[in-house]
Amino acid sequence: MAKHYGRGIAAVNYPTGMNLGGDPTQALIFCQPTGGFSVKLASTDLGQGLKTVIAQIAAEALGVPFDSVIVDTGDTDSAPHCMGTFASRATHRVGNAVIMAANEARKALMDVAADEMEAAPEDLVLENGEIYVKGAPERKTNVFNVALAAHFKYGKTISGRGIYLKQKSGLDPETGACDPDSTEAHATTVAEVEVDDETGEVKVLRLSSAYEVGRQINPEMVKGQIISGAVMGMSHTLTETVFPYYPSLDHHTYGFGEYIIPTALDIPEIESVVLEYPSSNGPYGVKGVGEMTANSPIPAIVNAIYDAIGVWVTDLPVTPEKVLRALDEKALEAN
Amino acid sequence: MESITVTFKLNGKTTAVAVEPLASLRTVLREHLHLHATKAGCGQGGCGSCTVLVNSEPVLSCLMLAALADGQEVTTLEGIGTPQHMHPLQAAFFDKFAAQCGYCSPGMIVAAKALLDKNPHPTRAEIAEALAGNLCRCTGYVAILDAIEDVVTQMQEA
Amino acid sequence: MNADLFIPRSLDEALGVVQSHGAGLLVMGGGTMMMAHLNEGVFFPKKVMSLARAGLSGVYRNGHTQIGATTNLTDVSQIADYPILAEAAYQIGGPAIRNMGTIGGNLYMPQPAGDLAVPLLVYDAHVELASPSASRTVSLEDFLAEPRSHRGVHELLVAIHLPSPSGHAVYLKQGRREANTPSVVAVGARVVMDGQGRVSNARIALGAAGPTAFRAKNAEAALVGQTLNTKSIAEAAQLATEESNPFTDALATAWYRRRMVGVFVKRALEQLAK
Amino acid sequence: MGVKQLGIVGQSVKRRDGIGHVTGQTQYVDDVFYTNMLWLKMVRSPISRGIIHGIDTSKAEAFPGVVAVITAQDVPNNWYTILCLIGVEPNDEPVLAHEEVMYIGEPICAIVAETEAIAAEAAALVKLDIEELPPVLDLEFAISPDAPAIKKWGNNTFMYDGYTHRKLRFGDFETAIQQADHIIEGTYSLSPIEHAPIETHCCVVKPEPDGRLTVHSNTQALYFTMDNTAIILQVPSQRLHMIGGTVGGGFGGKVDVITEPITCIAAMKTGRPVKWRWTREEEMRKSSTRAGVRMQYTDGVMNDGRIIARKVRSLEDSGAYHRHSPYGVQKHMANLPGPYTIPNVWVDAYCVYTNRQPSSAMRGFGVTEATFAVECQMERIARTLGIDSWEIRLINAYRNGQMRPVRKVVEDATLIETIQAAAELIGYDLPAHLKAMNSDDYAGNGGHHG
């Protein structure tokens with residue numbers, strides 16, 4: 001019996017947004033009388049943290065404190081259209097729509113502020129909810145006062161509408177020419193594994209990755225996606241299948257007893273670095289990150305297994321049996 | 001349909017409830033008593049999201065007949081902490097981003113509490129063993145282990 | 001879903017329920033298997049009896065060891081004088097499942113679940129069965145070999161009896177992940193050595209390697225009189241492989257399981273040789 | 001990297017929904033209860049392929065506690081229309097099967113009852129008379145002339161603009177492969193996997209006094225679900241009020257609009273709130289999966305490691321119906337060449353139908369599979385030629401300004417930078433000429449230009 005160490009790498013791209021585009025998202029923002037801003041969306045938080053990153057983007061774009069922004073999402077009676085949360089599109093699409101809405105709302109706010117302060121709107125600075133005249137910081141007010149004035153003195157709305165659409169492009173059926181992305185994120189993962197040549201079992205020791213995501217809105221939540229993807233990618237590679245004898249339907253999995261996903265005891269060491277090369281069209285340069293994190297670990301692990309034992313097992317999942325049969329075949333050929 | 005009455009201490013309060021004979025404890029907690037922190041993830045004993053404490057021990061409420069709770073002490077996540085008074089584990093899960101979609105979080109926290117009540121100074125490996133019955137599809141577990149370790153450290157310092 | 005639930009407070013009361021309701025009565029130990037089926041709507045029983053309050057839990061020592069049928073796996077995992085029984089129990093599920101599952105119920109689990117039969121076979125366990133008219137004690141081996149229909153609905157498993165342990169034992173479970181998973185294979189082995197370092201008595205039990213857990217008797221016999229060396233271990237592993245009759249399920253094929261019987265019997269014996 | 005410092009953007013603020021999650025106070029769909037609420041269970045096909053001759057619901061209807069039984073004739077527009085909104089046709093999947101069944105688990109009729117347990121027990125009493133036909137399960141068999149056509153249009157592939165597959169043609173593969181120093185082939189395959197969110201599919205619908213329906217859904221796409229549901233119900237969208245946005249894990253598995261239409265019909269028919277929540281077994285065996293895929297690569301490579309030609313044939317297993325697979329295959333096609341500059345590319349990507357549970361969207365679908373194959377193939381090339389694994393990727397990596405096979409000029413390329421960063425992370429010292437590369441410079445890229 002021997003355990004064989006191996007290391008494999010994989011470098012990947014990932015397109016942001018729906019293939020060919022045509023997937024719009026809208027946002028509405030309005031200011032409440034005392035300066036709170038409500039962002040109205042029909043988008044979905046699957047756990048990746050959309051409700052939080054959108055509040056960050058809105059606060060940044062409006063120039064108001066994070067805590068004064070409410071994100072109200074998930075009700076079609078109160079919010080306009082969103083195509084949905086998939087295709088690594090939500091932060092990119094929703095973020096862009098929110099920035100557009102925030103810019104309009106901010107302009108309305110600054111117009112009222114200008115009236116109140118008897119200054120030109122372009123001379124005003126809005127920072128973290130405070131408004132002052134450029135070069136004369138003693139001439140100041142704040143969003144609270146301006147919002148009250150807009151509501152009760154001027155009768156003006158402070159609100160904004162936003163939409164982001166990458167228009168749907170065509171696809172040439174003869175050549176496949178098309179526009180399949182809004183931007184591309186990239187990643188490289190290095191997998192280190194140990195293969196038991198008696199049982200065929202593969203243990204992933206470590207996954208080390210570099211992710212380039214354009215811009216991190218919330219680094220801890222980006223890290224959350226990276227670790228999440230590393231673990232899902234690992235089990236996709238090694239254990240997961242609903243049809244263990246695909247294409248046969250035999251032993252179709254019934255529950256978590258046979259459908260093997262990792263427990264807290266099964267996770268490898270995971271380390272990562274994040275690079276930021278802002279995209280031209282994402283909010284603050286964002287690229288989508290949610291899906292790609294589960295991609296690069298898969299070939300990296302398969303390549304590491306090859307490095308360890310010199311056989312290709314390229315039919316997922318790489319079960320202990322497939323590894324063992326490949327080793328048997330190799331031994332047979334060697335004789 | 002004959003129902004039976006089950007009387008037990010629920011989060012410190014004596015509670016009597018009429019249940020169908022074969023109802024699970026999970027069904028009674030969620031559907032009769034409307035304590036929704038306890039989640040229904042699989043009903044097969046495979047995910048741990050319905051974990052509650054019975055007499056301080058973790059059990060899967062989906063696999064326990066509610067009738068067997070009679071005379072016992074049952075603690076759900078609601079009895080461990082509230083948004084106003086979070087248990088240190090809840091505060092640490094929040095602080096360390098240990099909840100993503102949040103569906104496994106109640107079961108994870110209940111399982112972790114059962115561990116710390118018995119063994120206040122577990123190693124990271126012992127923490128992971130205590131969570132062996134609780135699956136998470138979002139986080140990859142690292143943040144969850146970090147959060148629990150953080151509480152262990154706090155307790156050591158205190 | 002109209003159903004009658006019985007929660008007897010004693011063995012006698014439980015046997016009374018058995019006598020009155022007999023066929024069609026679904027008996028639950030800890031409920032970990034039955035409740036899962038109820039939740040999925042796999043069947044719709046009309047009469048259910050839970051043994052959880054029948055006073056059948058506990059570990060008693062009186063020359064030999066008696067483990068009540070509804071003793072939970074957490075308690076079983078703390079029986080220090082039968083270390084591989086404890087270990088096998090600890091390797092089942094997570095803490096919550098171990099607080100619910102019972103040793104008796106585990107012996108009714110279909111393969112590849114039901115790991116506890118493996119260490120119990122290694123320790124020469126007997127099971128005590130009671131019916132309204134009589135009770136009997138049979139070896140676990142015979143119990144497992146009996147067709148299920150023979151056990152009858154009128155019989156309840158009451159306790160497991162274990163003789164004093166001798167020799168050293170090893171238990172190895174292979175799963176598709178580190179914990180909380182059914183066995184690909186489970187191997188238990190125990191050897192008693194004589195003064196000359198030769199095996200005087202051997203037990204090798206296999207789980208997930210046949211329709212029920214079983215003893216690899218040819219492998220056991222081959223070890224007796226031998227030292228534990230590379231050759232004797234290889235021979236025992238080979239015999240155990242030949243004796244196994246595994247199955248294919250979602251976790252592994254029969255081919256793989258058979259191969260792993262050889263690997264894990266070898267590894268178990270190598271550990272015992274140390 | 002010169003990223004402009006911002007204010008709150010870039011900071012790891014805590015999750016807005018975090019305290020709700022860790023205290024169990026977040027409301028998910030299954031946490032919604034109404035008084036007088038009914039429960040729904042689905043009667044499903046026990047076989048892979050067959051003709052329905054009869055559905056006898058009389059015993060189920062007579063079962064105490066059953067309030068309604070819903071079959072195909074109760075569905076105003078009995079088609080799952082999820083792709084028609086993005087222009088993909090024809091409709092191929094009934095909401096409730098009535099003529100034929102195409103996979104084990106296909107919905108046939110719904111039982112609505114006072115409790116979940118009653119609904120489940122009554123569902124088991126529905127008698128199905130289905131004539132079994134041999135299923136088509138294997139991808140290669142499915143597209144062979146010997147296979148029975150399981151689709152009404154007469155074959156077993158999705159038809160893209162009149163073709164059985166999506167094509168990508170760039171440069172001249174046939175000529176280039178002749179000029180290659182090495183031809184390197186590889187086959188890569190995946191079997192279907194499950195999203196396995198801890199929260200299963202769930203929908204609660206409450207009829208309102210004004211005739212509208214409040215629909216609590218864990219869909220990943222509220223408007224998409226609303227619009228599709230309205231088409232199926234043949235009601236204006238304004239009659240539906242979708243509430244969601246909080247999902248206990250999705251991973252692409254909750255964009256199939258698979259629970260809402262039937263639950264709405266149940267609520268309309270009974271005038272009472274209805275909940276339909278899937279068991280784990282349904283989630284595993286009946287919900288859509290990631291597709292099984294089989295990809296064959298033939299690469300022409302020069303001695304120096306440059307890939308000059310790449311041909312890919314990919315078969316993707318859509319299962320019994322479209323769902324999102326025809327879209328996914330198209331995305332797959334665009335990504336099969338990988339993030340490398342290859343002047344001659346030929347791709348044929350097929351969306352194939354078989355008699356298994358439909359596949360659909362899942363985290364990265366189309367790309368995940370391509371990426372797996374491409375990166376294993378890159379390693380195979382490196383090993384075959386004896387070229388360093390890092391170098392083979394760096395010399396072929398696409399650069400900004402170069403032309404991808406889909407004829408889109410590369411922008412935002414950072415593949416090289418992530419490779420270099422990963423090497424640094426693990427302490428691997430790349431040779432100077434590889435360290436010096438960057439995505440804006442063609443040096444070392446074999447002289448390919450945009």
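Me: In which strand of chain D is D:Ile183 found?

Reply: Helices (H or I, at least four residues) and strands (E, at least two) are DSSP runs, numbered from the N terminus. D:Ile183 belongs to strand 8, residues 182-190 of chain D. The model is predicted, so local features need pLDDT of at least 70 and side-chain atom pairs count only at pLDDT 80 or more, while totals for chains, interfaces and linings use all residues. Residues are numbered from 1 along each chain as its sequence is written, chains are lettered from A and ligands numbered from 1 in the order in which they are written, and side-chain values use heavy atoms, with hydrogens and water left out.

Me: Which residues does D:Ile183 touch, not counting residues up to four places away in sequence?

Reply: Contact means heavy atoms within 4.5 Å. With residues up to four places away in sequence set aside, D:Ile183 touches D:Ile177, D:Thr298 and D:Asp299.

Me: Is D:Ile392 of chain D buried or exposed?

Reply: Buried means under 20% relative accessible area, exposed over 50%, and partly exposed in between (1.4 Å probe, protein chains only). D:Ile392 counts as buried because its relative accessibility is 0%. This residue is placed in helix 11 (residues 389-396) of chain D. Leaving out residues up to four places away in sequence, D:Ile392 touches D:Gly305, D:Met378, D:Ile381, D:Ala382 and D:Ile387. The C-alpha atoms of D:Ile392 and D:Tyr353 are separated by 36 Å, although the two residues are 39 residues apart along the chain.

Me: How many residues of helix 7 of chain D are buried?

Reply: In helix 7 (residues 260-270) of chain D, nine of the 11 residues are buried, so the helix is largely enclosed by the rest of the structure. Among them are D:Pro261, D:Ile262, D:Cys264, D:Ile265 and D:Thr270. The residue that follows helix 7 is D:Gly271, with a positive phi near 70°.

Me: What does the whole of chain D come to in helices and strands?

Reply: Chain D has 13 helices and 15 strands. Its C-alpha atoms fill a box of roughly 80 × 60 × 35 Å along the principal axes. Of the 450 residues in chain D, 68% are buried. Contacts in chain D with a separation of 6 or more are 79% accounted for by residues 24 or more positions apart.

Me: How many positive and negative side chains has chain D?

Reply: Lys and Arg count as positive and Asp and Glu as negative; His and the chain ends are not counted. The place of a charge is taken as NZ of Lys, CZ of Arg, CG of Asp or CD of Glu. Chain D has 43 positive and 53 negative side chains, and the centres of the two sets lie 3 Å apart. In chain B there are 10 positive and 15 negative side chains, with the two centres 4 Å apart.

Me: Why is chain B described as being as compact as a globular protein of that length?

Reply: Chain B has six helices and five strands, in the order β-β-α-β-β-β-α-α-α-α-α from the N terminus on. The radius of gyration of chain B is 16 Å, close to the 15 Å of the globule rule for 158 residues, so the chain is as compact as a globular protein of that length. The radius is taken over C-alpha atoms, and the globule rule is 2.2 Å times the number of residues to the power 0.38. The C-alpha trace of chain B spans about 50 × 30 × 25 Å along its principal axes, and 66% of the 158 residues count as buried.

Me: Where in chain B is B:Ser24 found?

Reply: B:Ser24 is in the loop between strand 2 (13-19) and helix 1 (25-32) of chain B. It counts as buried because its relative accessibility is 2%. Apart from neighbours within four places in sequence, the contacts of B:Ser24 include B:Ser61, B:Cys62 and C:Met35.

Me: How many residues of chain A are in contact with chain D?

Reply: In this contact, 122 residues of chain A meet 109 residues of chain D. Buried area is the accessible area (1.4 Å probe) that two parts lose on being put together, summed over both. Chain A and chain D bury about 9600 Å² between them, with 58% of it on carbon and sulfur atoms. In chain A, the residues that lose the most area to chain D are A:Ile9, A:Thr76 and A:Tyr246, together 7% of what that side buries.

Me: What area do chain D and chain C bury between them?

Reply: Chain D and chain C bury about 530 Å² between them. D:Ala117, D:Glu121 and D:Thr279 supply 63% of the area that chain D buries against chain C, more than any other three residues.
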